[in-house]
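Reader: Walk me through this one. I want each label set against its cut-off.

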Amino acid sequence: MATVSVCQYHRGGFSFENCKRNALLEADINKLGFSSPAARKTGTTICGVVYKDGVVLGADTRATEGMVVADKNCSKIHYISPNVYCCGAGTAADTEMTTQIISSNLELHSLSTGRLPRVATANRMLKQMLFRYQGYIGAALVLGGVDSTGPQLYSIYPHGSTDKLPYVTMGSGSLAAMAVFEDRYRPNMEEEEAKRLVRDAIAAGIFNDLGSGSNIDLCVITKGKVDYLRPHDVANKKGVREDKINGRPETGNYRYKHGTTGVLTKAVTHLNLEVVEESVQTMDTT
Amino acid sequence: IVSTFNNYNDLYPDWTQREVSTGTTIMAVEFEGGVVIGADSRTTTGAYIANRVTDKLTPIHERIFCCRSGSAADTQAIADAVTYQLGFHSIELDEAPLVQTAASLFREMCYRYREELMAGIIVAGWDPRRGGQVYTVPVGGMMTRQPVSVGGSGSSYIYGYVDSNYRAGMSKEECLKFTAEALTLAMERDGSSGGVVRLAVISEQGVERQVILGNQLPKFSTV
């Protein structure tokens, strides 16, 4: 049975025709040597872990525009509701706006039900919105929180598929972070161990992935309490320039103070030299 | 698969731009009194395994399940929509829905939106009128009832095994063994299938689920 596709008028739903046109235009522009402005992306390592009393979410803080770091300390853990937070990877604008829209809708929903919102509700809202846009909203999310059903963690992909798991990683550094998780994750960890694990997973992403860097933010969510630790760990401290040590700006002064290099032994040999001849040669400075 | 992001290939490797797919091997077998369904547990984005413990056996109603293969996002969205429609229909009817009804709802959606979707689904369950039934709704949106059905990328490797080893009138235990062995063989050969084997038995008594971990899978001489 052959599949025959008949060109027919698009019935209902979104039309993504312009997206195809834009992709062609972009290819044409690149052929001419110009480049269209790059979207700011959160290259990113984000992850989450379910532990004994709740969930720990973690994220790095680098935002890139192509090969340039646009923001060295951006916040990737977004507020959804008092008990639910969401880390976002992918296009920065998409993650920011998507989480804000769902946060707003969830607050209205919560007022309507009269209850604290559930993580599964946020998950449904996010996946249904992302599916509607067929992957053109580039938001890859790690959603975590604690509700009346217990602690839960979801990973949400740009096309709208979700997975409910005890530990998840997303973003360009997700493989590095997942390696750490697969090695050291155990069910029902204590809070300190879980925070250490998430911190180490994000650190793996920061140091092994070019798209991730700077600091490590954590968010610990338990029943009734949220610890938003920003920054939890400044993994990449900016170095101090040598030309301002004593407050005096001196460019090009690469002298280090006495004691920077430890001296083990010191031996002084005097060279007793006699002056044999002394002559002056004038230099022609005309 | 359309790449919708800029092509910074060094910085953002392949699997950040590919859609999530349940590579998959799924299977369902009818027996006297119910059905046995089974699936592997691997979800991939390109060459990366996004979820190695996926549950592809999704409940649609109390005694009706579907096995999902193809695009993860598409099949999850379709399953959610059909679950809602079937639940509503069942309340209107005030009785347990037919497996054929569930399969029809899947077929309606998969056929209507066939150009936009990539979903291969096996619907299986038990209802009081016709007992255990398996309906397959592959990619184009056709729907047909079969005593045994396999699907997903790994199914290609086990058509021979299934055709030669299936007998009508097998017992529940025989069906479980048959399904587990077929899935194991497919998982060994198909790169997009793997992880654990998830099985479920649906009958008048309800649903019994089980998981066979990697080291407990049946052993064959060459694998």
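Reader: What makes you call Y167(A), V168(A), T169(A) and M170(A) buried?

Author: This is a predicted model, in which local features need pLDDT of at least 70, side-chain atom pairs count only at pLDDT 80 or more, and totals for chains, interfaces and linings use all residues. Residues are numbered from 1 along each chain as written, chains are lettered from A and ligands numbered from 1 in written order, and side-chain values use heavy atoms, without hydrogens and water. Buried means under 20% relative accessible area, exposed over 50%, and partly exposed in between (1.4 Å probe, protein chains only). Y167(A), V168(A), T169(A) and M170(A) of strand β11 (residues 167–170) of chain A are all buried. Y167(A) and T169(A) point one way, V168(A) and M170(A) the other.

Reader: How do you know that β11(A) pairs with β2(A)?

Author: Strands are DSSP runs of E, at least two residues; helices are runs of H or I, at least four; both are numbered from the N terminus. Two strands pair if DSSP finds at least two bridges between them. Strand β2 (residues 46–50) of chain A and β11(A) share four bridges and run antiparallel, so they pass that test. I46(A) has M170(A) as its bridge partner.

Reader: Which strands of the chain A sheet are at the edges?

Author: β11 and β13 (225–233) of chain A, each pairing on one side only. The order is β11-β2-β3-β12-β13 (chain A), an open antiparallel sheet of five strands. Inside it, six bridges join β3 (residues 54–59) to β12 (residues 216–222) of chain A. One of the bridged pairs is G58(A) with L218(A).

Reader: What makes a set of residues a nonpolar core?

Author: The members are buried Ala, Val, Leu, Ile, Met, Phe, Trp, Tyr and Cys residues, joined through side-chain atoms within 4.5 Å. The largest such core has 24 residues. Those touching the most other members are M27(B), V29(B), V162(B), F178(B), V197(B) and L199(B). α4(B) gives the largest share, nine residues.

Reader: What does M27(B) contact beyond its neighbours within four places in sequence?

Author: Contact means heavy atoms within 4.5 Å. Among the partners of M27(B) are I122(B), V162(B), F178(B) and L183(B).

Reader: Are C66(B) and C175(B) buried or exposed?

Author: Buried. C66(B) has a relative accessible area of 0%, and C175(B) has 1%.

Reader: Where do the two chains bring helices together?

Author: At helix α3 (residues 119–132) of chain A and helix α1 (residues 72–93) of chain B. Their axes come within 11 Å and cross at roughly 120°. Axes are lines fitted to C-alpha atoms, for helices over the stretch in contact, with angles from 0 to 180 degrees between N-to-C directions. R124(A), K127(A) and F131(A) meet residues including D74(B) and D80(B).
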